[in-house]
Amino acid sequence: MDDASARMLPEPKGKVILTISGKLSHHNGKGEVRLDREMLQQIGMHELNTRSYASTKSSIWRGVLMRDLLAYVGAKGTEIEAIALDNYRMTIPRDDFDKYDVILAMENDGKQLSVRTRGPTRLIYPYDQYEELRTHDSGMRLVWQLSRMVVR
């Protein structure tokens, strides 16, 4: 990498739960970033009390703000392709993560997310705080069982 701001990130010590590739200035091997739960938590955890697109009751979601995660990996693109374990794919404008407090959730109501509970990571938008997010198109951006992201 010839970017003067490029840096090597630490290697994961635990099970990798998210891999990010694409237009990144930081990496921890082979031009991508592999992250375990502890690494994500060290970026900084935030809480969001909201309903999801399909739920009628609010929950307390905890995770990393997407804008903080993208800064951590040195993301340079304008859109993010979010890819789930079942290969569901959704392209999301990066502007969403600057405009809204979207989190990469790892906990729901105090319980760690697992594959069985649509984790170990999933995207959560602040639906209760922004009426414009209460649409079908925004609901499609709630990628659960998120395992990979590609910055384009």
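1. Contact here means heavy atoms within 4.5 Å. On that basis, among contacts in the protein chain between residues at least 6 apart in sequence, 59% join residues at least 24 apart. The model is a predicted one, and the points below should be read as remarks on that model.

2. On overall dimensions, the protein chain has 152 residues and a radius of gyration of 15 Å, which agrees with the value near 15 Å that a compact globule would have. The C-alpha trace spans about 50 × 30 × 25 Å along its principal axes. Four helices and twelve strands are present in the chain.

3. The largest nonpolar core contains 35 residues, and the members that touch the most other members are Leu-18, Ile-20, Leu-35, Leu-40, Met-66, Leu-69 and Leu-123. Two or more residues of this core come from each of several elements, among them strand S2 (16-22), strand S4 (33-36), helix H1 (37-43), helix H2 (66-72) and strand S12 (146-151). Helix H2 gives the most, with four residues. A second, separate core of seven residues includes Leu-65, Ala-105, Leu-113 and Ile-124.

4. Not counting residues up to four places away in sequence, Leu-18 touches Val-33, Arg-34, Leu-35, Leu-40, Leu-69, Leu-104, Leu-146, Ser-147, Arg-148 and Met-149. Among these partners, Leu-35, Leu-40 and Leu-69 are also listed with the core members that touch the most others.

5. Where does Thr-121 lie, and is this residue buried or exposed? Thr-121 is found in the loop between strand S10 (111-112) and S11, and because its relative accessible area is 0%, Thr-121 counts as buried. The side chain of Thr-121 reaches the backbone oxygen of Leu-146 at 2.7 Å. Leaving out residues up to four places away in sequence, Thr-121 touches Ile-17, Leu-40, Leu-104, Ala-105, Met-106, Trp-144, Gln-145 and Leu-146; of these, Ala-105 is included in the second core.

6. Turning to charged pairs, a search of the whole structure finds eight salt bridges. One of them joins Arg-34 and Glu-11, whose closest N and O atoms are 2.6 Å apart. This pair links distant parts of the chain, with Arg-34 in strand S4 and Glu-11 in the loop between strand S1 (7-8) and S2, 23 residues apart. Glu-11 has a relative accessibility of 44% and therefore counts as partly exposed.

7. Another salt bridge is formed by Asp-128 and Arg-51, with the closest N and O atoms 2.8 Å apart. Here two loops are linked across 77 residues of sequence: Asp-128 lies between strand S11 (122-124) and helix H4 (136-139), and Arg-51 between strand S5 (45-50) and strand S6 (59-65). Asp-128, at 27% relative accessibility, counts as partly exposed, and Arg-51 is partly exposed too, with a relative accessible area of 30%.

8. Glu-81 and Arg-152 also form a salt bridge, the closest N and O atoms being 2.3 Å apart. Glu-81 belongs to strand S7 and Arg-152 to the segment after S12, so that the pair, 71 residues apart, links distant parts of the chain. Which of the two partners is buried, and which is partly exposed? Glu-81 is buried, since its relative accessible area is 9% and the limit for burial is under 20%. Arg-152, with a relative accessible area of 40%, is partly exposed.

9. Salt bridges that share partners join Glu-47, Arg-62 and Glu-107 into one network. Glu-107 is placed in strand S9, and at 15% relative accessibility Glu-107 counts as buried. Apart from neighbours within four places in sequence, Glu-107 is in contact with Gln-41, Met-45, Ile-60, Trp-61, Arg-62, Gln-112 and Leu-113.

10. At 18% relative accessibility, Arg-94 counts as buried, given that the cut-off is under 20%. Arg-94 and Met-66 are 28 residues apart in sequence, and their C-alpha atoms are 9.3 Å apart in space. Neighbours within four places aside, Arg-94 is in contact with Leu-70, Ala-75, Lys-76, Gly-77, Thr-78 and Glu-79.

Key
Residues numbered from 1 in each chain as written. Predicted model: local features only at pLDDT ≥ 70, side-chain atom pairs only at ≥ 80, totals over all residues. Heavy atoms only, no water. Core = buried A, V, L, I, M, F, W, Y, C linked by side-chain atoms within 4.5 Å. Buried < 20%, exposed > 50% of the residue type's maximum accessible area, 1.4 Å probe, protein only. Salt bridge = Lys/Arg side-chain N within 4 Å of Asp/Glu carboxyl O. Polar contact = N/O pair within 3.5 Å; in protein donor to acceptor, adjacent residues only side chain to side chain. Rg over C-alpha atoms; globule rule 2.2 N^0.38 Å.
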